[in-house]
Amino acid sequence: MGLPSTDWLVRPVAPIDEAAASAVLATRFGVRGAVRDLGSQQDRNYRVRGETGEYVLKVANPATRTAELRAQCDAVEHLTRALPGLRLPRAVPGTDGDVVQPFRADGAELTCRLLEFVPGEPIMDSRYLAPAVVARLGELAGQIAAALAGFTAPDPDPDRFRPWDLRNALEVVEALAPHWPDRARADQVLSAARTAYALVEPHAKDLPVQFVHGDITDNNVVCETAGDGRRMPVGVIDFGDLGTGWTVAELAVTCTSVLHHHGAGPASVLSAARAFDAVRPLSDGESAVLWPLVVLRAAVMVVSGQYDVLQDPDNGYASAALDREWAMFQSAVSVPAEVMTAQLREALGRPLPQVAVVPAHRMLPDLPDGIPVLDLSPQSDDLHTGRWLDADAEAALAAGRPAARTRHGEFRMTRTTIDTTDTPATCALGVDLHLADPLQVHAPWAGTLTRHADGTLDLRGEGPVLWLSGIADPAASGPVAAGQRLGTVAERDGRHTLGVQLSTLADRRPPRFATPALAAGWLAVSPDPTALITVGHDPGEPSADRDLLDRRDRAFATVQEHYYDEPPRIERGWRHHLVDTQGRGYLDMLNNVTILGHGHPGLSDAVHRQWRRLNTNSRFHYGSVVELSERLTALLPPELDTVFLVNSGSEAVDLALRLAWATTGRQDTVAVEEAYHGWTYASDAVSTSIADNPNALSSRPSWIHTVAAPNSYRGRHRAAEAHRYGPEAAARITELAAQGHRPAAFICEPFYGNAGGLPLPDGYLRQVYDATRAVGGLCVADEVQVGYGRLGTHFWGFEQQGVVPDIVTVAKAMGNGHPLGAVITRREIADAYRTQGYFFSSAGGSPVSSVVGLTVLDALRDERLQDNALETGGYLKRRLEELADRHPLIGAVHGSGLYLGVEFVRDRETLEPATEETAVICDRLRELGVIVQPTSDRQCVLKIKPPLCLTRQSADVFAAALDDVLTNGW
């Protein structure tokens, strides 16, 4: 199609101001009200607050024909019938009954329409768009495309050139780019548009054509704020670009608008494509052109925006969009269209093309077949714990072998990064060969060899381009025959390493690694070169096991929930970091069980040694169970001199209560509201948290009595009035005794953990313990979460309150993830259990468990982890309090040491909990590489209980990530 007259380039907006607009409203529509200019690129738009409602007065660009305006109104009516739940800008008839009204202004003949105002909020100014929001945009585009497939209207001017029709995109870019003063950018946009159109052209004649909205973007949808704080699209406005066009262009336009948002990249549009396809399925041809059309749309926006500003420098609307439009273009061209097309096909469940690699000649004829494969994946047993932090881990693993190679398509743990929110490129797009001796490299097929300045070579023949790195004394550039020598594998640090890649991209070299989000796309254009190196057996990449979550749900009781709706598959840990099977590293701010950190080498070695020696039950006589019991009692006040060893915190609490019942001969027990103690019969009975059991309060046994949660932030008594909790709880215990329900026990966490890490009011435990003992009851301190130095200031939580309990329960940290717990009490209390028989735990206090317990205590001492909890935890709390000063969603920062909680509220006065926001904030933090979860009965507190080896650097990463989310959205 030849470029038509350039009259379409000049589209001056209508010469009308707010006063004139008010006059038109009154005379043509009989409406009076306040008028405010909304700004626009082509039309004049005015917000009207009238006596009979709210409207938008649209004064059409003088170049727009009346028939086009009528078609837009008809399309809205058509969609209103087809999609009754969608908010749309229906036209209001004028005083003569026509929806299109002519008028004169400043000597010009103009037309206008009055549209119903569509209530809602825009999302263009939302910084971050969550995948769910992007998916809704795609769904909306699909619904409108499907509905408009049945819409027809006469074309008022079939020969008129429509610049926003993507069928005309290349002509628009070629016409407008020469006007752009920035020649470098203009040439870049022009080149990208020509390349993209070349990919569209072979499919163009087969692409479905229909009426499309043409501009379903973040600027033309209206949203309602959902309960979680996200703006979800509920309506569409601005039908000014309505016309015939490729159906797939509707989705391309929507996808392009996503790309300028905070943290967005090409992979961000995948959820929109899936949602569109679910409503209006895309053909193979449409999926093939979708990303090139995104590039073309971005190119058109850039050049047209620049041109509009040149023509109308005072158009603030157009000027404000320039940076946004350039960001969209840069994102669109940041990945080759072929890669994104393959990635989109993978996201849509379509098969990807396979490229067979059949060499005509062995590339390394002197290399033996079946050379060993280096396993560099997160599930590797070859990589020792922590070695993946070493940049030379791959070479170190290959050392000592005559030859070894890596795997194509493997997500390498050697590429994993920590203490950053950036997603690392971990998927290998080639193969590396490690040799003890140099070998000759030969051309696997005939082609043209090119030597590059960086030392790489490329060989281009009939098939994929071969890229080689690590070649010494390379052959000269030019034609080569199959089998011709290309050079020798170069030496580096005493080894010889060759990098081999294949690419179907003719115009660029692929990167050595791809991010997980785009791995499928890059692998589709980077065929496996293994066949060029060896004909031996290739075990291939470890199975991604995409259906693992479904298998879990089929075989594993679903009441045993997992974190996140779409959880990463975690198979590795090191210190306070976790690694998923795609090599993504996560900062673990949640795992209070692994107090020493993941993969602790000392603990691993100790367990390994003991398993090789002996593991049995504690009825046998061995030393470690005695030593562990002595070490525990030495950490406690002298009167707490007797130890029971069990498997878990639930067992420990259950046993503690049974000891109290046996000692007192009674069962009545007092628990604190909003607490969690375990899942066994007795520990569940005293668990009052409705977050863990919605029926926790109504389903308590009759012998359980509760006292108010001593929550000084949002409880019955707050701040300075929190001192009332202690006397009230003591009075309740005295009252129960007077009523014939003398408590056998009072149980409480010495630091109020389940509510988010709040300290108990000063003197609380002393007052309640005194009242309990006065009626003959025992006092149980549940240290399962708070003990073992996590608070920083004290090893045990009860020490903060200046009391000594009768029974202490501990677990979690005690085993660093190994099932180990303990109950420590006085000898006479322990002996009272004999009235119920004898106690025995099959694995409690086993040789392995005892060695675990001893090793954990040694590491806590030797690595000064309690000191680190105090210092790093204090530093982190200060960082979080700084965030609270800037982000009103943070109501309070609770806790001590590395037992912290960030409580989110919608209103700092009413303390309305931001429950839904907290859940999606956790999801967004996971996207940024931070693992954290909600806690409290209101689920509005970030539970921050990381391994005690957390560093200041990691604390900064967490604080920065949370700041990012609260600043840019979730």
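**Loops, rings and cysteines**

Biologist: Where does Asp106 lie?
Modeller: Asp106 is in the loop between strand E5 (101–105) and strand E6 (108–116). Helices (H or I, at least four residues) and strands (E, at least two) are DSSP runs, numbered from the N terminus.

Biologist: What am I looking at, and what are the ground rules?
Modeller: This is a predicted model, where local features need pLDDT of at least 70, side-chain atom pairs count only at pLDDT 80 or more, and totals for chains, interfaces and linings use all residues. Residues are numbered from 1 along each chain as its sequence is written, and side-chain values use heavy atoms, with hydrogens and water left out.

Biologist: Back to Asp106: what is its phi?
Modeller: Positive, about 55 degrees, although Asp106 is not a glycine.

Biologist: Is Asp106 buried or exposed?
Modeller: Exposed, because its relative accessible area is 71%. The cut-offs are under 20% for buried and over 50% for exposed, with partly exposed in between (1.4 Å probe, protein chains only).

Biologist: Which other residue has a positive phi near 50 degrees?
Modeller: Ala719, which is not a glycine either. Ala719 is in the loop between strand E29 (704–707) and helix H20 (725–738). At 61% relative accessibility, Ala719 is exposed.

Biologist: And Asn220, where is that found?
Modeller: In the loop between strand E7 (209–212) and strand E8 (221–225). Asn220 counts as buried because its relative accessibility is 4%.

Biologist: What does the Asn220 side chain make a polar contact with?
Modeller: The side chain of Asp215, at 2.7 Å. A polar contact is a pair of N or O atoms within 3.5 Å; within protein, one must be able to donate a hydrogen and the other to accept it, and residues adjacent in sequence count only if both atoms are side-chain atoms.

Biologist: What about Thr217?
Modeller: Thr217 also lies in the loop between E7 and E8. Thr217 is buried at 7%. Leaving aside neighbours within four places in sequence, it is in contact (heavy atoms within 4.5 Å) with Val253, Ser257 and Arg297.

Biologist: New topic: which residues touch the most other members of the largest nonpolar core?
Modeller: Phe746, Tyr764 and Tyr788, in a core of 97 residues. A core here is a set of buried Ala, Val, Leu, Ile, Met, Phe, Trp, Tyr and Cys residues joined through side-chain atoms within 4.5 Å. Apart from it lies another core, of 96 residues, with Ala145 and Trp291 among them.

Biologist: How many aromatic pairs are there?
Modeller: 13. Rings of Phe, Tyr and Trp (its six-membered ring) pair if their centres lie within 6.5 Å; planes under 30 degrees apart are stacked, over 60 edge-to-face, the rest tilted. Phe751 and Tyr899 are edge-to-face: 5.8 Å centre to centre, 75 degrees between planes. Phe751 is in strand E31 (residues 751–752) and Tyr899 in strand E37 (residues 899–904), 148 residues apart.

Biologist: Which aromatic cluster includes Tyr788?
Modeller: Tyr788 forms one with Phe795, Trp796 and Phe798.
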